[in-house]
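Subject: Structure handover

Hi,

Here is the structure I promised to pass on. Please load it before you read the notes.

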Amino acid sequence: MANSHLQGGAPFSRIVGTGRFLPGEPVTNDALAQRLAGHGVETSDAWIQERTGITQRYLASAEVSCSDLAVNAARIAMADAGIGADQIDMILVATSTPDMIFPSTACLVQKKLGITQGAAFDVQAVCSGFVYALATADLFIRAGKARNALVIGAEVFSRILDWNDRGTCVLFGDGAGAVVLRASQTPGVLAHRLHARGEYEGILRTPGQISHGNATGHPFLTMDGQAVFKLAVQVLESSAREVLSDAQMQPDQVDWLIPHQANVRILQFTAKRLGLPLSKLVVTVDQHGNTSAASVPMALDVARRDGRVQPGHHVLLQGVGGGFTWGAALVRM
Ligand code: UT7
(Lines give C-alpha, C1' and ligand atoms only; values in the text may rest on other atoms or scores of the structure.)
Protein backbone atom coordinates (compact mmCIF):
# COMPACT_ATOMS: atom_id res chain seq x y z
CA MET A 1 0.00 0.00 0.00
CA ALA A 2 1.47 3.36 -1.08
CA ASN A 3 -0.05 5.16 1.89
CA SER A 4 1.78 3.01 4.40
CA HIS A 5 2.20 6.05 6.69
CA LEU A 6 -1.55 5.94 7.21
CA GLN A 7 -1.62 2.46 8.71
CA GLY A 8 -3.28 2.28 12.09
CA GLY A 9 -6.56 3.95 11.32
CA ALA A 10 -8.76 6.37 13.14
CA PRO A 11 -11.63 5.18 15.27
CA PHE A 12 -14.13 7.24 13.28
CA SER A 13 -14.81 9.31 10.19
CA ARG A 14 -16.73 12.61 10.19
CA ILE A 15 -18.34 14.79 7.57
CA VAL A 16 -16.42 18.08 7.75
CA GLY A 17 -17.58 19.84 4.58
CA THR A 18 -20.47 19.72 2.11
CA GLY A 19 -21.24 21.27 -1.27
CA ARG A 20 -23.69 21.07 -4.15
CA PHE A 21 -23.97 22.24 -7.71
CA LEU A 22 -26.86 22.43 -10.15
CA PRO A 23 -26.30 23.25 -13.82
CA GLY A 24 -27.90 26.19 -15.67
CA GLU A 25 -31.39 27.49 -15.05
CA PRO A 26 -34.32 25.52 -13.61
CA VAL A 27 -36.80 24.06 -16.10
CA THR A 28 -40.28 24.33 -14.58
CA ASN A 29 -42.94 21.68 -15.06
CA ASP A 30 -44.85 24.05 -17.32
CA ALA A 31 -41.79 24.72 -19.48
CA LEU A 32 -41.06 20.98 -19.71
CA ALA A 33 -44.70 20.18 -20.53
CA GLN A 34 -44.58 22.75 -23.32
CA ARG A 35 -41.37 21.23 -24.77
CA LEU A 36 -42.81 17.71 -24.61
CA ALA A 37 -46.08 18.81 -26.21
CA GLY A 38 -43.94 19.90 -29.17
CA HIS A 39 -43.38 16.22 -29.98
CA GLY A 40 -46.76 14.89 -28.94
CA VAL A 41 -46.05 13.89 -25.32
CA GLU A 42 -48.80 15.04 -22.97
CA THR A 43 -48.13 15.95 -19.35
CA SER A 44 -48.92 18.77 -16.96
CA ASP A 45 -47.61 20.65 -13.96
CA ALA A 46 -50.66 19.42 -12.02
CA TRP A 47 -49.92 15.71 -12.68
CA ILE A 48 -46.21 16.02 -11.90
CA GLN A 49 -46.77 17.95 -8.66
CA GLU A 50 -49.60 15.74 -7.44
CA ARG A 51 -47.81 12.42 -8.09
CA THR A 52 -44.24 13.44 -7.19
CA GLY A 53 -44.03 16.88 -5.57
CA ILE A 54 -41.55 17.97 -8.25
CA THR A 55 -41.89 21.57 -9.49
CA GLN A 56 -38.68 21.96 -11.52
CA ARG A 57 -35.42 20.30 -12.49
CA TYR A 58 -32.02 21.33 -13.92
CA LEU A 59 -30.81 19.87 -17.22
CA ALA A 60 -27.12 20.16 -18.09
CA SER A 61 -26.32 21.53 -21.54
CA ALA A 62 -24.61 19.19 -24.01
CA GLU A 63 -21.06 20.37 -23.30
CA VAL A 64 -21.36 19.89 -19.51
CA SER A 65 -20.24 16.51 -18.21
CA CYS A 66 -20.83 14.60 -15.00
CA SER A 67 -17.27 15.35 -13.86
CA ASP A 68 -17.86 19.10 -14.37
CA LEU A 69 -20.81 18.98 -11.97
CA ALA A 70 -18.83 16.81 -9.55
CA VAL A 71 -15.84 19.16 -9.55
CA ASN A 72 -18.01 22.20 -8.83
CA ALA A 73 -19.69 20.47 -5.87
CA ALA A 74 -16.32 19.13 -4.64
CA ARG A 75 -14.67 22.57 -4.67
CA ILE A 76 -17.48 23.96 -2.50
CA ALA A 77 -17.22 21.03 -0.07
CA MET A 78 -13.43 21.38 0.11
CA ALA A 79 -13.70 25.13 0.80
CA ASP A 80 -16.29 24.38 3.49
CA ALA A 81 -13.90 21.87 5.09
CA GLY A 82 -10.96 24.25 4.71
CA ILE A 83 -8.98 21.57 2.92
CA GLY A 84 -6.59 21.81 -0.03
CA ALA A 85 -6.11 19.46 -2.97
CA ASP A 86 -2.86 18.23 -1.41
CA GLN A 87 -4.77 16.73 1.55
CA ILE A 88 -7.36 14.66 -0.34
CA ASP A 89 -6.19 11.05 -0.46
CA MET A 90 -9.31 9.31 -1.80
CA ILE A 91 -12.00 10.29 -4.31
CA LEU A 92 -15.18 8.29 -4.73
CA VAL A 93 -17.73 9.35 -7.31
CA ALA A 94 -21.14 7.70 -7.16
CA THR A 95 -22.66 7.91 -10.62
CA SER A 96 -24.55 5.94 -13.24
CA THR A 97 -23.95 8.59 -15.89
CA PRO A 98 -20.14 8.77 -16.10
CA ASP A 99 -18.31 10.95 -18.63
CA MET A 100 -17.03 7.91 -20.49
CA ILE A 101 -16.68 4.15 -20.18
CA PHE A 102 -13.25 4.67 -18.71
CA PRO A 103 -11.31 6.25 -17.07
CA SER A 104 -13.65 6.59 -14.12
CA THR A 105 -15.31 9.92 -13.45
CA ALA A 106 -13.40 9.94 -10.15
CA CYS A 107 -10.09 9.96 -12.05
CA LEU A 108 -11.32 12.82 -14.24
CA VAL A 109 -12.37 14.73 -11.11
CA GLN A 110 -8.95 14.06 -9.60
CA LYS A 111 -7.27 15.53 -12.67
CA LYS A 112 -9.53 18.61 -12.79
CA LEU A 113 -8.92 19.30 -9.10
CA GLY A 114 -5.15 18.96 -9.55
CA ILE A 115 -4.95 16.09 -7.07
CA THR A 116 -2.04 13.74 -7.65
CA GLN A 117 -2.17 11.39 -4.65
CA GLY A 118 -4.44 8.68 -3.36
CA ALA A 119 -7.03 6.41 -4.95
CA ALA A 120 -9.96 7.41 -7.16
CA PHE A 121 -12.79 5.20 -8.37
CA ASP A 122 -16.48 5.25 -9.21
CA VAL A 123 -19.23 3.53 -7.28
CA GLN A 124 -22.16 2.32 -9.36
CA ALA A 125 -25.21 1.70 -7.23
CA VAL A 126 -27.59 4.10 -9.03
CA CYS A 127 -29.70 6.10 -6.55
CA SER A 128 -28.07 4.31 -3.60
CA GLY A 129 -24.63 5.26 -4.89
CA PHE A 130 -23.84 8.05 -2.46
CA VAL A 131 -24.67 5.97 0.61
CA TYR A 132 -22.62 3.07 -0.82
CA ALA A 133 -19.69 5.47 -1.44
CA LEU A 134 -19.96 7.05 2.02
CA ALA A 135 -19.90 3.63 3.68
CA THR A 136 -16.89 2.62 1.55
CA ALA A 137 -14.96 5.78 2.41
CA ASP A 138 -15.78 5.35 6.12
CA LEU A 139 -14.34 1.82 6.06
CA PHE A 140 -11.17 2.97 4.23
CA ILE A 141 -10.66 5.75 6.78
CA ARG A 142 -11.24 3.49 9.78
CA ALA A 143 -8.83 0.93 8.27
CA GLY A 144 -6.15 3.61 8.08
CA LYS A 145 -6.02 3.66 4.28
CA ALA A 146 -7.22 7.26 3.86
CA ARG A 147 -7.53 10.39 6.01
CA ASN A 148 -9.51 12.84 3.86
CA ALA A 149 -11.94 11.39 1.35
CA LEU A 150 -13.96 13.32 -1.17
CA VAL A 151 -17.28 11.50 -1.55
CA ILE A 152 -19.37 12.78 -4.44
CA GLY A 153 -22.71 11.90 -6.01
CA ALA A 154 -22.98 13.34 -9.52
CA GLU A 155 -25.36 12.66 -12.37
CA VAL A 156 -26.43 13.83 -15.80
CA PHE A 157 -29.53 11.62 -15.87
CA SER A 158 -31.01 13.80 -18.62
CA ARG A 159 -28.63 11.94 -20.99
CA ILE A 160 -30.39 8.62 -20.42
CA LEU A 161 -34.00 9.84 -20.47
CA ASP A 162 -36.41 8.83 -23.20
CA TRP A 163 -38.23 12.11 -23.86
CA ASN A 164 -41.12 10.14 -25.36
CA ASP A 165 -41.73 8.28 -22.08
CA ARG A 166 -43.75 10.64 -19.92
CA GLY A 167 -43.73 8.10 -17.09
CA THR A 168 -40.01 8.72 -16.52
CA CYS A 169 -38.74 11.82 -18.33
CA VAL A 170 -40.55 14.29 -16.07
CA LEU A 171 -39.05 12.77 -12.91
CA PHE A 172 -35.29 13.19 -13.21
CA GLY A 173 -32.73 15.99 -13.29
CA ASP A 174 -28.99 16.67 -13.23
CA GLY A 175 -26.78 17.80 -10.34
CA ALA A 176 -23.99 16.96 -7.93
CA GLY A 177 -23.41 16.90 -4.19
CA ALA A 178 -20.19 16.27 -2.30
CA VAL A 179 -18.88 15.78 1.21
CA VAL A 180 -15.39 15.71 2.71
CA LEU A 181 -15.09 12.78 5.10
CA ARG A 182 -12.18 13.06 7.54
CA ALA A 183 -10.50 10.70 9.99
CA SER A 184 -11.61 11.64 13.49
CA GLN A 185 -11.15 10.73 17.13
CA THR A 186 -14.82 11.52 17.82
CA PRO A 187 -17.80 9.77 16.25
CA GLY A 188 -19.27 11.03 12.98
CA VAL A 189 -20.48 8.11 10.88
CA LEU A 190 -22.15 5.91 13.50
CA ALA A 191 -23.49 3.03 11.40
CA HIS A 192 -24.23 1.99 7.85
CA ARG A 193 -25.94 -0.90 6.13
CA LEU A 194 -25.92 -1.67 2.40
CA HIS A 195 -28.16 -4.10 0.53
CA ALA A 196 -28.81 -5.34 -2.99
CA ARG A 197 -31.37 -7.69 -4.53
CA GLY A 198 -30.30 -8.29 -8.12
CA GLU A 199 -33.42 -10.36 -8.76
CA TYR A 200 -35.29 -7.04 -9.08
CA GLU A 201 -32.93 -5.64 -11.74
CA GLY A 202 -35.76 -5.42 -14.25
CA ILE A 203 -37.89 -2.81 -12.46
CA LEU A 204 -35.47 0.09 -12.92
CA ARG A 205 -32.75 -0.11 -15.54
CA THR A 206 -30.95 1.37 -18.52
CA PRO A 207 -30.31 -1.82 -20.45
CA GLY A 208 -28.14 -0.50 -23.29
CA GLN A 209 -24.57 -1.62 -23.89
CA ILE A 210 -21.63 -0.72 -26.09
CA SER A 211 -20.96 -3.12 -28.90
CA HIS A 212 -18.38 -2.55 -31.63
CA GLY A 213 -18.33 1.17 -30.86
CA ASN A 214 -22.10 1.71 -30.87
CA ALA A 215 -24.72 1.97 -28.15
CA THR A 216 -27.00 -1.01 -28.63
CA GLY A 217 -30.04 -2.33 -26.83
CA HIS A 218 -32.13 0.36 -25.11
CA PRO A 219 -29.79 3.03 -23.71
CA PHE A 220 -32.63 4.88 -21.96
CA LEU A 221 -34.00 4.56 -18.45
CA THR A 222 -37.04 2.32 -18.03
CA MET A 223 -38.96 1.94 -14.78
CA ASP A 224 -41.89 0.07 -13.34
CA GLY A 225 -42.78 3.04 -11.14
CA GLN A 226 -45.29 1.28 -8.91
CA ALA A 227 -43.01 -1.69 -8.23
CA VAL A 228 -40.16 0.66 -7.35
CA PHE A 229 -42.46 2.73 -5.15
CA LYS A 230 -43.63 -0.30 -3.15
CA LEU A 231 -40.14 -1.71 -2.61
CA ALA A 232 -38.70 1.72 -1.81
CA VAL A 233 -41.06 2.42 1.09
CA GLN A 234 -40.40 -1.04 2.57
CA VAL A 235 -36.62 -0.91 2.42
CA LEU A 236 -36.32 2.71 3.49
CA GLU A 237 -38.07 1.76 6.71
CA SER A 238 -36.15 -1.49 7.26
CA SER A 239 -32.70 -0.01 6.60
CA ALA A 240 -33.45 2.95 8.87
CA ARG A 241 -34.37 0.56 11.67
CA GLU A 242 -31.19 -1.48 11.06
CA VAL A 243 -28.78 1.42 11.44
CA LEU A 244 -30.67 2.79 14.43
CA SER A 245 -30.43 -0.61 16.08
CA ASP A 246 -26.70 -0.84 15.22
CA ALA A 247 -26.15 2.55 16.88
CA GLN A 248 -28.45 1.61 19.78
CA MET A 249 -30.68 4.57 19.08
CA GLN A 250 -34.42 5.10 18.78
CA PRO A 251 -36.16 6.81 15.83
CA ASP A 252 -37.03 9.83 17.99
CA GLN A 253 -33.30 10.51 18.42
CA VAL A 254 -33.00 11.26 14.70
CA ASP A 255 -32.85 15.02 14.16
CA TRP A 256 -33.08 14.92 10.35
CA LEU A 257 -34.25 12.28 7.92
CA ILE A 258 -32.69 12.61 4.46
CA PRO A 259 -33.88 9.79 2.19
CA HIS A 260 -33.09 9.64 -1.51
CA GLN A 261 -35.12 12.39 -3.13
CA ALA A 262 -37.27 10.54 -5.68
CA ASN A 263 -40.84 11.40 -4.83
CA VAL A 264 -42.24 13.45 -1.98
CA ARG A 265 -44.87 10.78 -1.31
CA ILE A 266 -42.14 8.14 -0.72
CA LEU A 267 -40.34 10.53 1.63
CA GLN A 268 -43.50 11.21 3.63
CA PHE A 269 -44.38 7.50 3.86
CA THR A 270 -40.90 6.80 5.21
CA ALA A 271 -41.14 9.47 7.89
CA LYS A 272 -44.58 8.24 8.92
CA ARG A 273 -43.51 4.59 9.08
CA LEU A 274 -40.65 5.61 11.36
CA GLY A 275 -42.97 7.70 13.50
CA LEU A 276 -41.06 10.88 12.68
CA PRO A 277 -42.83 14.22 12.26
CA LEU A 278 -42.67 15.67 8.74
CA SER A 279 -40.84 18.65 10.27
CA LYS A 280 -37.76 16.37 10.57
CA LEU A 281 -37.87 15.39 6.91
CA VAL A 282 -35.58 17.22 4.49
CA VAL A 283 -37.29 17.60 1.12
CA THR A 284 -35.45 18.96 -1.92
CA VAL A 285 -36.95 16.80 -4.69
CA ASP A 286 -39.46 19.58 -5.37
CA GLN A 287 -36.60 21.88 -6.39
CA HIS A 288 -34.58 19.61 -8.71
CA GLY A 289 -36.40 16.33 -9.35
CA ASN A 290 -34.74 12.98 -8.86
CA THR A 291 -30.97 13.42 -9.30
CA SER A 292 -30.14 9.79 -8.44
CA ALA A 293 -26.79 9.51 -6.60
CA ALA A 294 -26.56 13.30 -6.21
CA SER A 295 -29.76 13.73 -4.25
CA VAL A 296 -28.68 12.76 -0.72
CA PRO A 297 -25.47 14.88 -0.52
CA MET A 298 -27.30 17.82 -2.12
CA ALA A 299 -30.12 17.63 0.43
CA LEU A 300 -27.59 17.37 3.28
CA ASP A 301 -25.83 20.47 1.98
CA VAL A 302 -29.11 22.39 1.70
CA ALA A 303 -30.10 21.54 5.27
CA ARG A 304 -26.65 22.40 6.66
CA ARG A 305 -26.46 25.73 4.89
CA ASP A 306 -29.97 26.84 5.82
CA GLY A 307 -29.17 26.13 9.47
CA ARG A 308 -31.40 23.11 10.05
CA VAL A 309 -28.59 20.58 10.45
CA GLN A 310 -26.36 21.70 13.34
CA PRO A 311 -23.17 20.24 14.81
CA GLY A 312 -24.05 17.27 17.00
CA HIS A 313 -27.30 16.52 15.17
CA HIS A 314 -28.06 12.94 14.16
CA VAL A 315 -28.84 12.65 10.46
CA LEU A 316 -30.17 9.55 8.75
CA LEU A 317 -29.07 9.36 5.10
CA GLN A 318 -30.76 6.80 2.86
CA GLY A 319 -30.41 5.62 -0.72
CA VAL A 320 -32.66 3.37 -2.79
CA GLY A 321 -32.79 2.58 -6.48
CA GLY A 322 -31.70 0.51 -9.45
CA GLY A 323 -30.05 -2.80 -8.88
CA PHE A 324 -32.21 -3.12 -6.82
CA THR A 325 -30.02 -1.47 -4.18
CA TRP A 326 -30.56 0.35 -0.93
CA GLY A 327 -28.66 1.49 2.10
CA ALA A 328 -28.67 3.77 5.11
CA ALA A 329 -26.03 5.67 7.03
CA LEU A 330 -26.55 7.27 10.43
CA VAL A 331 -24.20 10.18 11.04
CA ARG A 332 -23.51 12.61 13.85
CA MET A 333 -22.60 15.98 12.37
O1 UT7 B 1 -34.75 6.87 -8.14
C2 UT7 B 1 -35.17 5.56 -7.93
C3 UT7 B 1 -36.38 5.54 -7.20
N4 UT7 B 1 -37.51 5.87 -8.06
C5 UT7 B 1 -38.67 6.01 -7.51
O6 UT7 B 1 -38.74 5.93 -6.30
C7 UT7 B 1 -39.92 6.20 -8.35
C8 UT7 B 1 -41.04 5.43 -7.71
N9 UT7 B 1 -42.30 5.55 -8.42
C10 UT7 B 1 -43.01 6.70 -8.40
O11 UT7 B 1 -42.60 7.70 -7.86
C12 UT7 B 1 -44.39 6.68 -9.04
O13 UT7 B 1 -44.77 5.35 -9.31
C14 UT7 B 1 -44.45 7.52 -10.35
C15 UT7 B 1 -44.34 8.99 -10.01
C16 UT7 B 1 -43.35 7.12 -11.29
C17 UT7 B 1 -45.80 7.29 -11.05
O18 UT7 B 1 -46.86 7.62 -10.18
P19 UT7 B 1 -48.12 6.65 -10.08
O20 UT7 B 1 -49.05 7.28 -9.16
O21 UT7 B 1 -47.58 5.27 -9.75
O22 UT7 B 1 -48.72 6.71 -11.54
P23 UT7 B 1 -48.91 5.55 -12.62
O24 UT7 B 1 -47.61 5.14 -13.18
O25 UT7 B 1 -49.82 4.52 -12.04
O26 UT7 B 1 -49.74 6.32 -13.73
C27 UT7 B 1 -51.05 6.82 -13.47
C28 UT7 B 1 -51.57 7.50 -14.72
C29 UT7 B 1 -51.46 6.63 -15.96
O30 UT7 B 1 -52.60 6.89 -16.75
P31 UT7 B 1 -53.86 5.88 -16.75
O32 UT7 B 1 -53.29 4.55 -17.18
O33 UT7 B 1 -54.34 5.88 -15.32
O34 UT7 B 1 -54.79 6.50 -17.72
C35 UT7 B 1 -50.25 7.15 -16.68
O36 UT7 B 1 -50.30 6.95 -18.07
O37 UT7 B 1 -50.77 8.66 -15.01
C38 UT7 B 1 -50.32 8.61 -16.37
N39 UT7 B 1 -49.04 9.29 -16.45
C40 UT7 B 1 -48.91 10.61 -16.68
N41 UT7 B 1 -49.83 11.57 -16.91
C42 UT7 B 1 -49.38 12.82 -17.11
C43 UT7 B 1 -47.80 8.76 -16.27
N44 UT7 B 1 -46.87 9.72 -16.40
C45 UT7 B 1 -47.54 10.88 -16.65
C46 UT7 B 1 -47.13 12.20 -16.87
N47 UT7 B 1 -48.08 13.13 -17.09
N48 UT7 B 1 -45.84 12.56 -16.85
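First, the ground rules. This is a predicted model, with local features needing pLDDT of at least 70, side-chain atom pairs counting only at pLDDT 80 or more, and totals for chains, interfaces and linings using all residues. Residues are numbered from 1 along each chain as its sequence is written, and side-chain values use heavy atoms, with hydrogens and water left out.

Pockets

A pocket here is an open set of points on a 1 Å grid over the protein atoms alone, where a 1.4 Å probe fits, with protein on both sides within 12 Å along at least five of seven lines; lining residues have an atom within 4 Å of a point. Volume is the space filled by probe spheres set on the points, which are joined across faces, edges and corners. Helices (H or I, at least four residues) and strands (E, at least two) are DSSP runs, numbered from the N terminus.

The largest pocket holds about 690 Å³ of space. Its lining has 25 residues, with Ser96, Pro98, Ile160, Thr206 and Gly208 nearest the centre. β5 (119-123), β9 (204-205) and β10 (209-211) each give two or more residues to that lining. By class, the lining of the largest pocket has 12 nonpolar, 9 polar and 4 charged residues. Nonpolar covers Ala, Val, Leu, Ile, Met, Phe, Trp, Tyr, Cys and Pro; charged covers Asp, Glu, Lys and Arg; the others, Gly among them, are polar. Domain 1 (4-184) and domain 2 (189-332) each supply at least three residues to the lining of the largest pocket. Those bounds come from an automatic or database domain assignment.

The second largest pocket holds about 560 Å³. It is lined by 25 residues, and Leu171, Met223, Gly225, Gln226 and Asn263 lie nearest its centre. The elements giving two or more residues to this lining are α2 (45-52), α6 (166-169), α7 (225-246), α8 (264-273) and β14 (314-321). α7 gives the most, with 5 residues. The lining of the second largest pocket also draws at least three residues from each of domain 1 and domain 2.

Sheet

An open sheet of 5 strands runs β1-β7-β6-β4-β5, with mixed pairing. Strands pair if DSSP finds at least two bridges between them. β1 (12-21) and β5 are the edge strands, each pairing on one side only.

β4 (residues 90-94) runs parallel to β5, joined by 5 bridges. Ile91 stands opposite Ala120 in β5, and Ala94 stands opposite Val123. Which residues of β4 point which way? Met90, Leu92 and Ala94 point one way, Ile91 and Val93 the other, and all are buried. Buried means under 20% relative accessible area, exposed over 50%, and partly exposed in between (1.4 Å probe, protein chains only).

Backbone details

A cis peptide bond joins Phe102 and Pro103, with omega about 0°. Pro103 sits in the loop between β4 and α4 (105-112). The bond from Gly323 to Phe324 is also cis, with omega near -5°.

Two residues other than glycine have positive phi: Gln248 near 55° and Ser292 at about 50°. Gln248 is exposed, at 73% relative accessible area. Ser292 is buried, at 0%. Gln248 is in the loop between α7 and β13 (256-259); Ser292 is in the loop between α9 (285-288) and α10 (295-305).

Best regards
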